[in-house]
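Subject: Structure handover

Hello,

The structure is below, with my notes after it. Please read them alongside the coordinates.

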Amino acid sequence: MKHVTRIQDLGPEGVEAVLSQAAAWKLKDPGHIFPGKLLGMVFFNPSLRTRTSFEAVMLRAGGHAIVLDVGSGVWKLEDRPGAVMNADRAEHIKEASPVLSRFVDMLGIRTFSQGGGDEEDEADPVINAFRKWATVPVVSMESAREHPCQGLADALTLRETFGTTKKLPVTLTWAPHIKPLPKAVPNSFLLSAAAAGCEVRVAHPPGFDLHPAVRAEAEAYAKATGGSITYTHDQDEALVGSRAVYAKSWGPTAQTASTPTDVAALLASYSGWMPTRRHMGKAAKDAAFLHCLPVRRNVEVADEVLDHASSRVVDEAGNRYHVQRALLAWMRGG
Amino acid sequence: MKHVTRIQDLGPEGVEAVLSQAAAWKLKDPGHIFPGKLLGMVFFNPSLRTRTSFEAVMLRAGGHAIVLDVGSGVWKLEDRPGAVMNADRAEHIKEASPVLSRFVDMLGIRTFSQGGGDEEDEADPVINAFRKWATVPVVSMESAREHPCQGLADALTLRETFGTTKKLPVTLTWAPHIKPLPKAVPNSFLLSAAAAGCEVRVAHPPGFDLHPAVRAEAEAYAKATGGSITYTHDQDEALVGSRAVYAKSWGPTAQTASTPTDVAALLASYSGWMPTRRHMGKAAKDAAFLHCLPVRRNVEVADEVLDHASSRVVDEAGNRYHVQRALLAWMRGG
Amino acid sequence: MKHVTRIQDLGPEGVEAVLSQAAAWKLKDPGHIFPGKLLGMVFFNPSLRTRTSFEAVMLRAGGHAIVLDVGSGVWKLEDRPGAVMNADRAEHIKEASPVLSRFVDMLGIRTFSQGGGDEEDEADPVINAFRKWATVPVVSMESAREHPCQGLADALTLRETFGTTKKLPVTLTWAPHIKPLPKAVPNSFLLSAAAAGCEVRVAHPPGFDLHPAVRAEAEAYAKATGGSITYTHDQDEALVGSRAVYAKSWGPTAQTASTPTDVAALLASYSGWMPTRRHMGKAAKDAAFLHCLPVRRNVEVADEVLDHASSRVVDEAGNRYHVQRALLAWMRGG
């Protein structure tokens, strides 16, 4: 049984297989490839693109999605082994996951970082509890550590735009925000781009380092695929000659800023990192702009970048549909 | 591409076409007319009839609906061009609308008045932003200015009850409520009834005027269809000889009452406007009673009116299904 | 038209018919037995198993479910005849139920106890209002008095585990909790087990009596089926030689404890009632453990019981699917 809750579940070969299938099926609709199949979608956090695109995948493939909003329509779930459940979590994933597995053919889980810090995010306890106790394949719809479907959609967009991702110079640049965001999306772009063989440049202010385990994993993919990864605190340097600029905000490490006031001050001090046309001017002439969405216009990215012809953000979001269809087929061994 | 977010998108001819089709298909089910088609339904506000009836239309026609509750299950959306998005609206409709358009074949939007006043309601910014940026047809499930599907269901109910709507005397009467309500429903009844050729009498207390632009539009429809529209502050006068009594509450104009206390006092002072059998006794002997639902019994309308054989409110709600099926077909050029 | 909102709607013969059908179809999938049929599911309270299992039943049988979360996505509903609706309940079930009946082929309703006390729970006003005004069959997804689908799933699990339920010694034991819970589940286990001919032993602390009307109804079923029912305050005594231990918490009677402080103190004083392996050791060697889920681990039931091979809780939850499919078919006369 194949779970996919992290890029590691695919590896560079799986990433290549999914991207190729997604590209092929985007040109020629495979029709009802999941006839009568049910995907149970459990949302601990809200969603627009993910929910709609997964449900559309299932419906257009002849299957169905059952959507569960945990914490709004449903009670909160416990993931800790041995917990004495005397607080607000009314059900353990040890029951919820196998029970849901009885009713559906696949489980999709969305569960953001619970704010317990970098090591808890790395351990990713909620989605791993579902994975451990499920008796059907589990797919991530974004968890604390990764958002693999986003990473795959990003890579497909690069591939479509430039023909190949091999040795493609791409820049992942930190961007400002009103609050510290999880690192699942930058982690997934880094891992997917490395697995796809890109020359990845990562630019962020000091103190916003990605987790060492994620960086080590990306490094291993780059080695295997002929890609490379460099890190810098100099945004302009990272942009020079780049073919794709991927902007995303994320929060500082715990050592960098520990109080909300410190974090807010830190974020405010880097408002100059918001991509504008000036920034895009440093990159290659044909450079594409990418962002996972949702984007806070004129805070995270300037209107002039998002509204420019080089922005691929809507196509990138549309590719969520295509990579997810191919990914579910890959998980089902198709 | 045909959007329908206001009666103006149909005009009297479109209204006639949709009502005829709805009536015909009510007698003879057309079967799977939307095979495999997906309707994305975005709710900024709650819904019972609208959600269920649209989803039933899609499912019984061989398609599907994907339901998104924005603000509960999903984040809040921004509609203002050039906004610096540093507050609670995490995504711009400029992204959300084209992205959703990638996943579905039609978009339904429900977005009530945001309480910004009569001119903002007339401008209807949220649904117009969706309409502007969508790449698939957009249908209104009620917005600040209009609720066209309700107006069409009202007109179909009149047509079924009396054979024709041409020169049919009908009364739209204001009714009491515990709070000021939006004007989308009275606007839509007025516009639909005028487009269907009725002799419309509108009765409301002083200071509850409908927007001049809506009244002018209704007047133009009446001219084109041989109908007529009159306004009065005398409820009894408006009821005499009327064949249908349509009760609905709405709020006063900004000039009439600007503070919540003023509005509450004003609403309380008109509790005598609640339709009772005494009121129905003024109308024609065979007069039908209509209301869009939900209705606050014994506040907005008396039990004795709602429970009387002349009440058509459940049939009227049931007609939402029939007009929506015909409307979506009309939008798709069928 | 057959409604099923209580075991009484089935009676012992109906229970037997549904269990037999469920067992048969569990071995051999009947396929698309509800082609194109729509089940409208109205949730006044959250759900995980119920929602997923009913939706899965409809989808796998060729139909669909339309899910309405009342009070979150939809407004609150009024059930009282003659109410002056000037508070937070914006729509009467007298309208909502017949209107929803226009759009769907069956209605499922979940509405927990409203906390109005034992007699209000016995009267079960909300689901009975839906039942009264619906023009399509209504099925309970748990109401104040009963949770018949849970009771049927419990009985099917006993039948599968032991071959027959006739004269099977089973124990319904009260269990601790952090708050007083409704009695719908213990009521339904008692009624279903009695209707299935079990020898039921009910153990609970003093002051936690089930309603006299429920006990009288169960007694009548036991008489008809050759079963029996005994009540005790001695948990150990009730366990001796029992083949199945069904643990469930519920609140005290109003006479026993009327203030939240009294109730909390009372619940805390009975923490020793939490089933452990010591308790299971009193029962028969092959005794099965059952619980309706969700369960608060190490508060209501010890990990060592839930994680033991004798626990059937996941199978029991999985049986919700099977009994519900058979029940809907029975209601439709199939």
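Chain C and chain B bury about 2700 Å² between them, and 62% of this is on carbon and sulfur atoms. Buried area here is the accessible area (1.4 Å probe) that two parts lose on being put together, summed over both. Of the area that chain C buries against chain B, Trp75(C), Glu95(C) and Phe103(C) supply 24%, more than any other three residues.

Conventions: this is a predicted model, where local features need pLDDT of at least 70, side-chain atom pairs count only at pLDDT 80 or more, and totals for chains, interfaces and linings use all residues. Residues are numbered from 1 along each chain as its sequence is written, chains are lettered from A and ligands numbered from 1 in the order in which they are written, and side-chain values use heavy atoms, with hydrogens and water left out.

Chain C to chain B. The contact (heavy atoms within 4.5 Å) takes 31 residues from chain C and 30 residues from chain B. Five salt bridges cross this interface, a salt bridge being a side-chain nitrogen of Lys or Arg within 4 Å of a carboxyl oxygen of Asp or Glu. One of them joins Asp105(C) to Arg60(B), with 3.2 Å between the closest N and O atoms. On the chain C side, β2 (64-69), β4 (89-92) and α3 (93-103) each supply at least two residues; α3(C) gives the most, with eight residues. Helices (H or I, at least four residues) and strands (E, at least two) are DSSP runs, numbered from the N terminus. By class, this side of chain C has 18 nonpolar, six polar and seven charged residues. Nonpolar covers Ala, Val, Leu, Ile, Met, Phe, Trp, Tyr, Cys and Pro, charged covers Asp, Glu, Lys and Arg, and the others, Gly among them, are polar.

Chain C to chain A. This contact takes 30 residues from chain C and 31 residues from chain A. About 2700 Å² is buried, 63% of it from carbon and sulfur atoms. Leu48(C), Arg60(C) and Arg297(C) supply 23% of the area that chain C buries against chain A, more than any other three residues. The count of salt bridges between chain C and chain A is five, including Asp315(C) with Arg102(A) at 2.7 Å, N to O. On the side of chain C that touches chain A, α2 (49-60), α12 (303-306) and α13 (313-331) each supply at least two residues, and the largest share, eight residues, comes from α2(C). That side divides into 13 nonpolar, six polar and eleven charged residues.

Symmetry. Chain C superposes on chain B by a rotation of 120° with 0.0 Å of shift along its axis (RMSD 0.0 Å). The two copies are thus related as by a three-fold rotation axis.

Asp105(A). This residue lies in the loop between α3 (93-103) and β5 (106-110) of chain A. Asp105(A) is buried, with a relative accessible area of 18%; buried means under 20%, exposed over 50% and partly exposed in between (1.4 Å probe, protein chains only). A polar atom of its side chain lies 2.8 Å from the backbone nitrogen of Leu38(A). Beyond four places in sequence, the residues that Asp105(A) touches include Gly36(A), Val136(A), Arg332(A) and Arg60(C).

Regards

Notes: Least-squares fit on C-alpha atoms with pLDDT ≥ 70 in both. Polar contact = N/O pair within 3.5 Å; in protein donor to acceptor, adjacent residues only side chain to side chain.
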